[in-house]
Amino acid sequence: MDSMLLLHLMSQIFPQKIRVIYIDHQLQSKSAEWGKLVSKQATRLNIPYTIQKVQVTDGNLEAQARQARYHAYLQRLQANEILVLAHHQQDQAETVILRLLSGTGVDGLAAMQTIDYRKDMTIWRPFLDLTREQIAEWTTQLEIEYVDDPTNYDIHYDRAWSREELWPFLQNRFPKMQQALSRTSYLMQDASEILEEVLKVDLQNCGTDECLDLTQLLKLSSARQRQLLSVWMKGDGQYRPAFEMVERLKNEVINSKSDAQAALHWNQFYYVRYQHHLYRLSRQVFLAEKLNPVETETEHHFQLGEVVDCASGQFQITQKNMGLSASLLNKKLKIIRRQGGEKVHLYGRVGQWPLKKAIQEAHILPWLRHTIQILVIDNVMLGVFTPKGFWLAQSPYCEQGGWQPDLISYSCNLVNGEDGYDKCSK
């Protein structure tokens, strides 16, 4: 009823600027007939229409149907178009009740917004302040044909149970409940907007979308820590993590021992701690060693000016004040994967020391250390390819005006501790 009323009113207000889409979830035998009703009304109103069937996957039927529906909207929406939906005041009040019972926070109780700006679409809900009774009265006066979906009365579903069982019971005690819950959603939207402003400041002080400085984070109150972690984990997603997941992040990762390699996996990201920083890594970065193993040994003939692809990034062969002998150009040099236990005598440093120690002092992130490779000739170490650049080793091949590989681009988005620290400290 509400959707068909919306269709007729929009056809009067924006006769040349609307299109209609009917989503057939294929969950009921008569859903195709309902599509014919939409097509008949759209044709009579001279409005272009689309009927799209979707497949609803297993699981929570209400949630999966909603996900399939919005995915279809995204496929059909064109640039500069707005999705207009017919949610009304009782829908809003029911949403507040259901989210309250699920243990939601401020954002959840804010429920639906009249104008909802999302990353991938903008939604307008012009009926959000109208009661169902007002919508029914308009529909009757305008003699609009519509269909009653029987699932709206199937108390197997949470929303239908809330509407059929819980709603009359509460409204009998609180006659103004619908208006009160709607008002609560508006107050929570104000609170959510204020909280978002605070969180923006906290995020600027504590880090970036990929990295948080735990020293700065722990200066905040527990409530602000929890809120910041929640919105940080949400990222570009639509929903925040559950309260329990935020607590797991604090207890299992942030509060873990500094030498522990704790990681938490949630919503396609891995959350790991390195020293005093917390990182959010994509699966591609966190599992890079398994997904893209580095070759044990390769051979290469270097030339001035060329760009060489290594595991830790792209390097250009350039002349330096100090570098490798020109006699090594065009010679067969080996690039071998770091195995562990190697010692290196870095140019300008006194004596040999473990390569592992040099890596630790350079704050190269643990999940990038597998990309480190060693350049050798006849078992003589010439240098080390790292995510922080090429480290020249002391050898008989060092000379003034020699050449070195110069790092020009990284192999990963989150590349090294120094860059991460710089971002987190801003």
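Me: Which residue is the bridge partner of tryptophan 266 in strand 8?

Reply: The partner is phenylalanine 269. Please keep in mind that this is a predicted model, in which local features need pLDDT of at least 70, side-chain atom pairs count only at pLDDT 80 or more, and totals for chains, interfaces and linings use all residues. Residues are numbered from 1 along each chain as its sequence is written, and side-chain values use heavy atoms, with hydrogens and water left out.

Me: How many bridges join strand 7 to strand 8?

Reply: Four bridges join strand 7 to strand 8 (residues 269-274), and the two run antiparallel; strands are DSSP runs (E, at least two residues), as helices are (H or I, at least four), numbered from the N terminus.

Me: And what order do the strands of the open sheet have?

Reply: The order of its four strands is 6-9-8-7, with antiparallel pairing, where two strands pair if DSSP finds at least two bridges between them. Strand 6 (211-213) and strand 7 (263-266) stand at the edges with a single partner strand each, so one side of each has no neighbour in the sheet.

Me: Changing topic, at what angle do helix 4 and helix 7 cross?

Reply: The axes of helix 4 (residues 89-101) and helix 7 (residues 158-173) come within 10 Å and cross at roughly 100°, with axes being lines fitted to C-alpha atoms, for helices over the stretch in contact (heavy atoms within 4.5 Å), and angles running from 0 to 180 degrees between N-to-C directions. Helix 4 and helix 7 are therefore roughly perpendicular (65 to 115 degrees) to each other.

How values were computed: Angles under 35 degrees count as roughly parallel, over 145 as roughly antiparallel, 65 to 115 as roughly perpendicular and the rest as oblique.
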